[in-house]
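Please look through the sequence and the structure shown below before reading on. The briefing that follows takes up confidence, a sheet, a metal site and the nonpolar cores in turn.

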Amino acid sequence: MSIENPKHQKMLADLLAVCRKNLPKVNEGMLTKAFEFALEAHKHDLRASGEPYFSHPYEVAMIVAEEFPLDDITVVSTLLHDVVEDTDFDLNLMTKEFGNEVTEIVDGVTKISGIFKGQDITKAENYRKMLLSMVKDVRVILVKFADRLHNMRTLEFVTPDKQKRISQETLEIYAPFANRFGLARVKWELEDLSFKYLNRELYEDLVKKVKSSRKERETYIKRFSDPVKKKLDEYKLEYEMGGRPKHFYSIYRKMMKRGKPFQEIYDLFAVRIILETENANDCYTTLGIVNQMYLPVPDRFKDYISIPKNNNYQSIHTTVIGPEGRLVEVQIRTKKMHEIAERGLAAHWRYKEDKSTSDKDLDNWLNWIRDIFEGAGKDETRREILEDFKLNLYQDEIYIFTPKGELRRLPIDSTPVDFAFDIHSNIGYQCIGAKINGKIVPLDTTLNSGDQIEIITSKNHHPNKNWLKFVKTQKAKSAIRKWLNKEEEKIVKQGKEIWDKKLKKLKLSFTTSDVSRIARKYKYDNNSLFYQAIAQGNVNLDNILIDARSKTGEEHEKILEFEKFADIARKDAGGILVDGKSSGIMYSYAKCCNPIPGDPVIGYITIGEGVKIHRKTCSNLLNLSKIDADKLVSVQWPGTDGTLFVAGLVMRGEDNPGILNDIAHTIVSYKNTNIKSININTNDSTFDGSVTVYVNNLEHLTTLVDRLKKLKGLYKVERFEGG
Ligand code: MN
């Protein structure tokens, strides 16, 4: 490729000249190649104005070289910024021709441009955050600013609707951004252009008013300036002095804010003195001169040279009373300070003495911006900027659109499932698929800022356990877990129903602790898991029940336990008195009614087993006595004569093997207390029991309760009234 057209040759020469003037280092070969590349790529395209499309990337590149003179890479990227989106050239080819850095910037510009297409702006702040969350290289933003500035300058040629939309976006997003970057000049131009398209009548009215008062203003400023200039010349200071341009949008805003008419707002004259010096002291000399000529207004003096503003703005501001008693605002600054005020930090490195180290300077500058936006600031300046913008947060966030263009914020690496739950838990529950920017994708696909997501749902679909492996938001995680738990409960319930039905059929009955013993035997950690296994058909119920029955189960154990208790109680009570005698007669306790100390008892003489001790209420005994009443013999527990009364105790404690023993011991060993009855129910790991005892008096009972309370594993012992 080579450039034949003299017009194009001149354009290239102009661009190279601006670059040489403003940039520390210029790779002219690469710039020329990018120029040719863009020219070729856009050769068939036209702008809305009817001009060849190439004029756009070219003008944008000129803006970059003029307004944000960072480096030649940015200018090259700018020339190519619309190539990928609008023509057949792709990123691979670009990488091959221009390297990774350029390609990444161009790709970044393409992506952030895509976000705004077809979206209405509802919350500008969100867009600003989104924009930054996507940008790894600040140069992307600079190219985008320049692109926007040129589009605003040529907005005349698009439809009024589009003019309004783009202007609104510019005013809400780009202008404040430019301000934050310290690009004051760009900010003013963007604001004035937006203002023009958003409120053309007012804009034109202001333009007219400013124009009609111009001559008068110029005359006045000359009257004010001439004596000052004379004095400055005497001091051999080099300077530029003149009226300060007023910006239409800022006049408009002041009128609105202060509710004052144009005349009052515009009445204030503004003069700026820019000194051709590196010595800040000259500014104070100049201030002295101005104050000698005109009386300063107290409280209107600001020294931003000693104490610069956060964005490094430096200047002296003073207001003095000029000729005819009119107020004049005077700004005094060096040329370098002025450059920084107008162009932001991009101007900084241009004043470095050693331009050969500019690569490093550029890095420093980029790092500085990156720090502001990404890092937590250490010093006051950074913290204030962060407070203003809170950008450090956005690095962990992405911004996603709903199909209706609504913006949602999600943590980085979120998936369509996170998005679905973010919208509504039911959408999450029924989510079966997702479309990203119209294309169907797997549910574990990672989302990127700017993606538009549509969730496909189905009424009969349910969350999947595997989702927990990839979802990022707490909201999705807990909703999925909640659903899975509910589902688990259902299965447990099902399993329990199967189990209960089976037991009923076999006429078996197990307590909860019986079940947990069986469950543990078959290696299930708890009853729920056991029931789940039953519901899922993972256990052979018949085998388990045969096994459980063959040992006559827990019922047997229960009986043994009670007998043990009864034995201890009987022994502690001192056995039984047959016919008032404590020895010589063989006796044993009947298994049918298991009498314990305190029970009213009666003996029945058997053959070979001596006297069988029954409760008086034993139904078995009643049958026997009908047959042979002669065999009945009177028996007593020792010490049950006197005035005894029955008291009930309720207790709760740990279901451990020794507890019944301990209770029986404690009761019986105190004053030979007799137990009338005992009734124990065990639940999983605790038992509830009621015991009735014979006591002599209240003191007897109270001491008994106190002793029981000292037992380890017994949580509660209380007198049971009215039972
Ligand atoms: Mn463009």
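Among the elements of the chain, helix 18 (residues 380–389) has the lowest mean pLDDT, 37, while helix 19 (residues 416–423) has the highest, 94; pLDDT is the predictor's confidence in each residue, from 0 to 100, and helices (H or I, at least four residues) and strands (E, at least two) are DSSP runs, numbered from the N terminus. This is a predicted model, in which local features need pLDDT of at least 70 and side-chain atom pairs count only at pLDDT 80 or more, whereas totals for chains, interfaces and linings use all residues. Residues are numbered from 1 along each chain as its sequence is written, and side-chain values use heavy atoms, with hydrogens and water left out.

**Confidence**
- The chain averages a pLDDT of 80, and 83% of the residues score at least 70.
- Over residues 372–394 the pLDDT stays under 50, and the model has 37 contacts for this stretch beyond four places in sequence, where contact means heavy atoms within 4.5 Å.

- Three strands form an open sheet in the order 10-9-11, with antiparallel pairing; two strands pair if DSSP finds at least two bridges between them.
- Strand 10 (439–441) and strand 11 (453–457) are the edge strands, each of which pairs on one side only.
- Strand 9 (residues 431–436) pairs with strand 11 in the antiparallel sense over 5 bridges, and T457 in strand 11 is the bridge partner of C431.

**The manganese site**
- The manganese ion is coordinated by H56 (NE2), H81 (NE2), D82 (OD) and D147 (OD) at 2.1 to 2.4 Å; donors are N, O and S atoms within 2.8 Å of the metal (3.2 Å for Na, K and Ca), and sites may look incomplete because water is not among the atoms.
- D82 lies in the loop between helix 4 (72–79) and helix 5 (83–86), and D147 lies in helix 8 (residues 138–153), so the pair ties together parts that are 65 residues apart in sequence.
- D82 and D147 are both buried, meaning under 20% relative accessible area, with exposed over 50% and partly exposed in between (1.4 Å probe, protein chains only).

**The nonpolar cores**
- In the largest nonpolar core, of 59 residues, F35, V75, L80 and F98 touch the most other members; such a core is a set of buried Ala, Val, Leu, Ile, Met, Phe, Trp, Tyr and Cys residues joined through side-chain atoms within 4.5 Å.
- Leaving aside neighbours within four places in sequence, V75 is in contact with L15, C19, L23, L31, A61, V64 and A65.
- Another core, of 25 residues, lies apart from the largest one, and its members include I596, A647, I667 and I678.
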